[in-house]
Every structure is written in structure tokens, then in C-alpha cells.
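The sequence and model are shown first, and the notes follow by topic.

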Amino acid sequence: MSTRIEMVSLVYQKNKYSIDKIYLVLISIGILAPGMGAIDNNAIRWLFLSLISGFYILKLLINNRDVIPKTKLTVLTIVGSFIFLFWSAYSAPNPTEGFISLYKLVVIVAVFFSSLNALKNIENSLFYLSTIFAYSLLIEGGYTIIDYFNEENFTGIANNRNISSSSIIIKLTFLIYIISKTSKKSLKNFYRIIELMSIISIIILQSRLGLVSMILIYVMMFSYFTASKKQLFVPALMILLSISIFNYGNLNAEIKNYNILNLTSDESANQRINFYSFALDLFLDKPITGHGLGSWKYESLKYKDPTTRSVLVPYYTHNDFLQILAELGIVGLIIYLLFISKVLMRLMIKIPDKDAKKVLIIAMVVFALNSLLNFPIHRSQEYIPFIIITAFLYSLSQNEDAYEIKRTYIFSLLLILLIPATTLAYYEHKSLIVQDTLLADYSSNNFSLEINELEKINYQVPNISANVVPISSYLSRYYINVKNYEKALYLLENSYKANKNDLMTNELLLKVFFFTNKNYAAYKKAKELLFTYYNNENYAELYFSLAINLNLINEVLSSDILIKSDNVKVHRIFFQKILNLNVLEGYVIKEYLKYSLEKFPNDEYLESLLLTLD
């Protein structure tokens with residue numbers, strides 16, 4: 001009975017429905033929404049958040065409710081930040097991707113102000129917030145455990161083990177807090193079941209950061225709050241299990257394969273370090289304003305390993321601060337750090353409730369760890385709880401220097417901005433549904449879509465797929481298959497503008513140039529590919545053959561391809577092609593041959609060739 005009353009109180013206040021409570025419940029559910037046929041559930045969640053916030057703000061405007069105190073400096077900072085972000089998205093190499101990133105930031109700001117307003121109107125808001133997080137953990141923990149027994153390669157409710165784990169972690173602090181504050185035995189036992197489900201979920205998800213964070217939470221919680229021995233038993237057992245899994249989990253760890261369809265793998269420490277290095281290189285290239293909002297995912301491909309053709313897309317830097325630095329430069333990082341510093345200042349100085357301060361400090365510590373090793377700002381399931389927490393923090397604090405701004409100004413602007421944000425989220429979700437077919441067809445070298453179906457696909461918004469391959473590149477395959485090379489070339493030209501670093505796009509361009517007898521364009525593309533992947537034999541064969549056909553052999557001879565390439569087969573192809581020309585003197589060929597033999601002194605073909613020339 002007490003549990004039922006507790007559930008009713010989630011949406012009721014003073015014996016009537018509370019629009020503020022309903023809003024917070026809905027956004028907590030919205031960030032757990034399924035993909036609904038899409039290859040990724042991220043876009044549908046942003047869409048729900050945008051719609052829910054839009055309706056809530058509209059209700060506030062209709063009711064003409066109170067005011068939100070804000071300082072002039074805060075307002076100027078918000079306006080200035082938005083202008084900078086809009087400019088960064090517009091001036092990015094791929095503006096479409098920039099605005100798709102921007103709409104998510106608009107939704108985050110809308111959720112922050114809406115949550116701030118809602119929490120100001122809810123009695124005992126910390127207890128209420130903890131209750132919402134507890135029920136959210138019930139859903140997440142239940143889903144994870146069921147998924148574990150039903151799926152061979154389970155990933156939790158986020159379709160990613162790290163994200164699923166981090167989503168549980170940031171709410172776990174509030175669950176432990178509400179257990180300590182709940183006096184009703186039946187309700188306390190209900191929350192303890194949720195706690196046990198959360199613990200089991202973290203362990204079976206095998207996220208190293210999740211396990212470490214869980215141990216840290218319990219150590220800090222029971223340092224801050226008095227607890228009986230009975231209350232310590234389950235957490236102590238959890239810590240022992242976690243340490244065991246952390247030390248010996250490698251025995252059952254999955255082999256982490258990376259391919260064009262593998263979008264949910266847990267990247268290794270070495271790969272993270274590589275991503276950090278790429279991010280710093282991009283930052284040093286444009287340190288002030290960065291490469292543009294949303295640019296990391298395609299700009300970082302310039303730093304891929306030239307000795308391999310395997311596709312590993314660094315979709316996120318796995319460090320929010322470094323990704324901001326690469327995309328938005330020092331200016332963007334300062335803006336974000338100003339926000340974080342304001343949050344921490346209010347937490348440490350202006351929160352009168354000691355218990356609230358302790359819970360929030362722990363939550364901020366585990367969120368900081370997650371931000372340093374993952375990408376919570378890009379995933380609503382992780383970042384929206386943090387935004388609600390910061391809104392709660394602001395709702396408790398007082399700002400003596402504030403002056404009143406009519407809520408109409410703030411929320412009217414947010415409502416206007418949410419209209420394009422909702423539209424972009426809808427387009428992104430629709431695209432992710434189609435991408436499921438496009439990527440599967442590519443992987444199996446299949447062509448399941450009819451040409452008339454292709455015409456209906458929007459490849460402009462977004463113009464990059466979930467694995468950073470331009471959507472128009474996938475569409476071009478179908479036109480190449482029916483020998484409509486003109487349409488294929490048109491699509492690939494759009495693809496090159498969207499992501500010139502994409503390997504699949506460049507290979508398809510080379511194919512179309514070759515099929516349409518655009519030999520010089522094919523030669524330039526083959527050269528570009530070979531000098532990027534200088535050990536690739538196929539590119540070498542095409543490059544040398546096209547150079548001979550176009551009488552450009554002198555350009556090949558003056559290049560440094562033999563210096564770059566460490567593949568003996570590339571060297572063999574080089575000599576086979578120039579020998580077939582019968583135009584070069586033996587001593588000239590010997591000079592190149594001597595260099596190749598220094599690299600490959602035991603290669604029989606090169607040695608026999610030298611003897612022949614002698």
C-alpha cells in the first residue's frame with residue numbers, strides 16, 4: 001500500500017495533479033525510450049525531451065506563472081554562448097552536423113530551465129528527485145537483468161554497456177540517500193530491492209568505470225552518513241563482488257572487434273589515449289575557436305592509422321572536455337568550465353541543507369569521472385539526470401544579486417528554439433531507421449531497396465550516418481549497381497562535402513571515375529588513397545597503371561611512395577609496371593631497386609631483378 005501511495009505522489013501534490021511533477025516524471029521516462037526501429041535510440045530520446053519540454057513551457061506561458069531570478073551577467077553569458085555556438089555550427093566544415101549537435105544543446109538548456117522551475121514548485125524536492133531516480137533505476141535494473149538472460153551480447157537499456165552503467169551510477173547516490181531517509185519498512189525494503197538490482201546490473205555490465213564508481217559511492221556515502229551494520233551488509237557484499245569482477249573479469253571479457261557496424265563496443269584504454277592525442281592535435285591546429293561544433297567525428301579521421309584499412313570510427317573522444325576543446329577551442333571550453341564552476345560554487349557555498357550538499361558532492365564526483373573517460377554530454381540518458389541535479393542545486397540556492405526577468409522572455413525564446421530542435425530530432429530519428437537497412441545492405445553486399453524507395457530518403461538532414469559514412473554514399477551503391485553513374489557521382493560529390501575523410505566515399509568515387517572513363521580524376525583519387533594508405537596493394541596497382549596510361553610516370557618516379565610504403569608487394573608492383581614500359585635505362589631502375597633492397601634485403605623477386613639488370 002505504501003508503495004502505491006508513493007507512486008501516486010509522483011504526479012500528485014496537495015491532492016491534485018502537479019504539472020511540475022508530471023514534467024519531471026516524463027523526462028525521466030523519455031531518456032529511457034527504446035529506439036523504435038532505429039539503429040540508435042539517442043535521437044528518439046532527444047525528440048521526446050524536446051516535445052515534453054515544449055509542452056511544459058507552453059503550459060507555463062499560458063498560465064503566466066511567476067518569475068525566474070537571473071543576473072544580467074548570467075543572461076549576457078547565455079546569449080553570448082548561444083551566438084558563439086550558432087556561429088560555430090554555421091562555420092563548421094559540415095554545418096548540418098553542427099546544427100544537429102546544436103539542437104541537443106538547446107534541448108539541454110530547455111530541460112535545465114524547465115526543471116529549475118518545476119523543482120522550485122515541489123515540496124521537499126531532494127526527496128522527490130531521489131524518488132524519481134529510484135523508479136528510474138527500477139526500470140533500468142529490471143531491463144538490464146532481463147536483457148542479460150535473453151541476449152547473447154547484451155548491452156543494457158542504452159545499447160552500450162558504459163552508458164547503461166553510467167546512467168545507473170549517477171542515480172545510485174540518490175537511491176542510497178532515500179533508503180536512509182525512509183522510515184516505512186515496506187517502502188525501505190522496496191528500495192533495497194531496487195538497490196540490489198542496480199548492484200547486479202553494474203556487475204554484469206562489466207564496465208570498469210561503473211565498478212570503480214560504485215565502490216567510490218558507497219565509501220563516500222557511508223563516510224558521510226551514519227548507517228547501521230545491517231545497512232552496511234549489502235554494500236559490503238557488493239564491494240567484494242565488484243573487486244572480484246574488476247580483477248578477474250578479463251577471463252570472460254569479450255573480444256572487442258571494430259568494424260563498420262560495431263557501434264557499441266567498449267573501447268580499450270589504448271584507443272582512448274589515441275583519441276585524446278587526436279583531440280589535442282585538432283586543438284593545436286585551431287586553438288581559439290576549434291574546428292566547429294560536431295566536427296570531431298569526421299575531422300579526427302585524418303589521424304587514422306595509414307598502415308591499416310580497418311574502420312574504427314572515433315565517434316566520441318571519450319573525454320567531454322577534450323572534445324569541446326577540439327570542436328570549440330579555448331572559447332568553448334571556457335564557456336563550459338564557467339557553467340561547471342558556477343554549479344560547484346553554488347554547491348559548496350550556497351546550499352544550506354547539509355545532507356543535500358553531501359549527496360550532490362558524491363553525484364558530482366562520479367559524474368566528473370564519467371566526463372573524463374566517457375561522453376555523457378552527448379547522451380541524454382547520462383546528461384539529463386546531471387542537468388536535473390544542477391537545476392535542483394540552483395533551485396535551493398539564493399542569489400542576492402539577481403533581478404527579476406519575466407519568465408515569458410526566457411521561456412518564449414526557448415519555445416521558439418525548440419521548434420527547429422524538435423524538427424531536427426525527428427529527421428535524425430527517421431534517418432536512423434533507414435540507416436539500419438543501408439548499413440546491413442552494405443555489410444552483406446546486398447541491394448534490398450528499390451530505386452523509387454531511394455528517392456524518398458532524406459540524405460541531407462542528417463548527411464552523416466551513425467558510423468560517420470555519408471548517407472548519400474550508401475545510396476550511391478544502389479545507383480552504381482544499376483549503372484546510373486551520373487546519379488551516383490552526384491550523390492558522392494555531396495558525400496565528399498559532408499565528410500571528405502571517409503574511406504568508403506573515396507573508394508566509391510574512384511570506382512565511378514573508373515567506370516565512366518574519367519581517367520585523370522581516377523588517377524588523382526587513386527593517388528590520394530595510396531598516399532593515405534601507402535601499404536595498400538590495390539591502390540598501388542591502380543595508381544601505377546593509371547599513371548602509365550596518362551604518361552605520368554615521371555610524377556610517380558619523383559614521388560616518395562617507395563619511402564613511405566613498407567609493403568614489399570607495393571614495391572614489386574612498382575618495378576613490374578616500370579619494367580613493362582621499356583623506356584627507362586637499367587641504371588635508373590637500379591637506383592630505385594637498391595633502395596627497395598635496403599628495406600627488404602631477403603626478397604627473392606627484388607634480388608633476382610637486380611641480377612637481371614646487372
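**Helix packing and burial**

The axes of H6 and H15 cross at roughly 170° and come within 11 Å. With the cut-off for roughly antiparallel set at over 145 degrees, H6 and H15 are therefore roughly antiparallel to each other. The model is a predicted one.

**H6 against H15**

- On the H6 side, the residues that meet H15 are Ser125, Leu126, Leu129, Phe133 and Glu140.
- On the H15 side, they are Gln381, Pro385, Ile388, Ile389, Phe392, Ser395 and Leu396.
- By class, the residues of this contact divide into eight nonpolar, three polar and one charged.

**Glycine 141 in H6**

- Helix H6 spans residues 125-150 and contains glycine 141.
- Glycine 141 has a relative accessible area of 1%, and because buried means under 20%, this glycine counts as buried.
- With neighbours within four places in sequence left aside, glycine 141 is in contact with Met197 and Ser201.
- Isoleucine 157 lies 16 residues from glycine 141 in sequence, and their C-alpha atoms are 8.8 Å apart.

**Helix H2**

- H2 is formed by residues 19-30, twelve in number.
- From first C-alpha to last, H2 reaches 16 Å, close to the 16 Å expected at 1.5 Å a residue.
- Its buried residues are Asp20, Lys21, Tyr23, Leu24, Val25, Ile27, Ser28 and Gly30.
- These buried residues of H2 pack against strand S1 (12-13) and the helices H3 (42-63), H5 (95-120), H6 and H15 (380-396).

**Helix H19**

- H19 covers residues 485-498, which is 14 residues.
- The reach of H19 from its first C-alpha to its last is 20 Å, close to the 20 Å expected at 1.5 Å a residue.
- Tyr485, Ala488, Leu489, Leu491, Leu492, Ser495 and Ala498 are the buried residues of H19.
- Helix H18 (471-481) and H20 are included in what covers them.

**H20 against H21**

- H20 (residues 503-515) packs on H21 (residues 519-530) at an angle of about 150°, and the axes are 8 Å apart.
- That angle makes H20 roughly antiparallel to H21.
- The crossing of these two helices is left-handed.
- H20 contributes Leu503, Asn506, Glu507, Leu509, Leu510, Phe513 and Phe514 to the contact.
- H21 contributes Ala521, Ala522, Lys525, Ala526, Glu528 and Leu529.
- The residues of the contact of H20 with H21 comprise nine nonpolar, one polar and three charged.

Terms used. Residues are numbered from 1 along each chain as its sequence is written. This is a predicted model: local features need pLDDT of at least 70, side-chain atom pairs count only at pLDDT 80 or more; totals for chains, interfaces and linings use all residues. Side-chain values use heavy atoms; hydrogens and water are left out. Axes are lines fitted to C-alpha atoms, for helices over the stretch in contact, and angles run from 0 to 180 degrees between N-to-C directions. Helices (H or I, at least four residues) and strands (E, at least two) are DSSP runs, numbered from the N terminus. Angles under 35 degrees count as roughly parallel, over 145 as roughly antiparallel, 65 to 115 as roughly perpendicular and the rest as oblique. A crossing is left-handed if the near helix is turned anticlockwise from the far one by less than a right angle, and right-handed if clockwise. Contact means heavy atoms within 4.5 Å. Ala, Val, Leu, Ile, Met, Phe, Trp, Tyr, Cys and Pro count as nonpolar, Asp, Glu, Lys and Arg as charged, and the others, Gly among them, as polar. Buried means under 20% relative accessible area, exposed over 50%, partly exposed in between (1.4 Å probe, protein chains only). The expected span of a helix is 1.5 Å times one less than its number of residues.
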